Amino acid sequence: LGIPGSFFCSQECFKGSWAQHKALHKMFKNALLQQAVSGSKKKGRVASKFDGFKFTGPLRPGKVSGQMSVPAHIARPDYAKSIDGSSAEEEAAQGHKIKVLSAEEIERARAAGKIG
């Protein structure tokens, strides 16, 4: 944050003054944020939580838009209507349904695997 006079003589000194040091950081950070917000209002743009942040490169955070809905005239795949997201169409194309083993069947398969 570039706070002038922010240094300590030792680690013990730093630990002993941490509460005051943290409060100073918070105060300076809030002041910088307020300054950035008032500056962005003058420029006619919406304030951002990143105003005043010193980026190290050209990459910047994007804007998240609201969720869009699919128009009704566009056909939905069968898995969109399924509660568990499974596709009967894909299972039919594979020619079989994946079997879900019970706890007893899993144990028997483990035993058979140990026998070889």
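Modeller: Let us go from the overall fold to single side chains. This is a predicted model, so local features need pLDDT of at least 70 and side-chain atom pairs count only at pLDDT 80 or more, while totals for chains, interfaces and linings use all residues. Residues are numbered from 1 along each chain as its sequence is written, and side-chain values use heavy atoms, with hydrogens and water left out.

Biologist: How much of the protein chain is made up of buried residues?

Modeller: Buried means under 20% relative accessible area, exposed over 50%, and partly exposed in between, using a 1.4 Å probe and protein chains only. Buried residues make up 6% of the 116 residues here. As for contacts, meaning heavy atoms within 4.5 Å, take those between residues at least 6 apart in sequence: 15% of them join residues at least 24 apart.

Biologist: Now H5. What length does the helix reach, and how many of its residues are buried?

Modeller: The expected span of a helix is 1.5 Å times one less than its number of residues. H5 (residues 103–115) has 13 residues and reaches 19 Å from its first C-alpha to its last, close to the 18 Å expected. The number of buried residues in H5 is zero, so the helix lies largely in the open. After H5 comes Gly116, with a positive phi near 100°.

Biologist: Where are the salt bridges, and which residues form them?

Modeller: A salt bridge is a side-chain nitrogen of Lys or Arg within 4 Å of a carboxyl oxygen of Asp or Glu. An α-helix has 3.6 residues a turn, so residues three or four places apart point the same way. The structure holds two salt bridges. One joins Glu104 and Arg108 at 3.4 Å, N to O; these two lie four residues apart in helix H5, and both are exposed. The other pairs Glu107 with Arg110, whose closest N and O atoms are 3.8 Å apart; they also lie in H5, three residues apart. Glu107 counts as partly exposed because its relative accessibility is 46%, whereas Arg110, at 53%, counts as exposed.

Biologist: And Ser87: why is it classed as buried?

Modeller: Its relative accessibility is 7%, so Ser87 counts as buried. Ser87 sits in the loop between helix H3 (78–81) and helix H4 (88–94). Leaving out residues up to four places away in sequence, Ser87 touches Asp78 and Tyr79. A polar atom of the Ser87 side chain also lies 3.1 Å from the backbone nitrogen of Glu90.

Methods: Polar contact = N/O pair within 3.5 Å; in protein donor to acceptor, adjacent residues only side chain to side chain.
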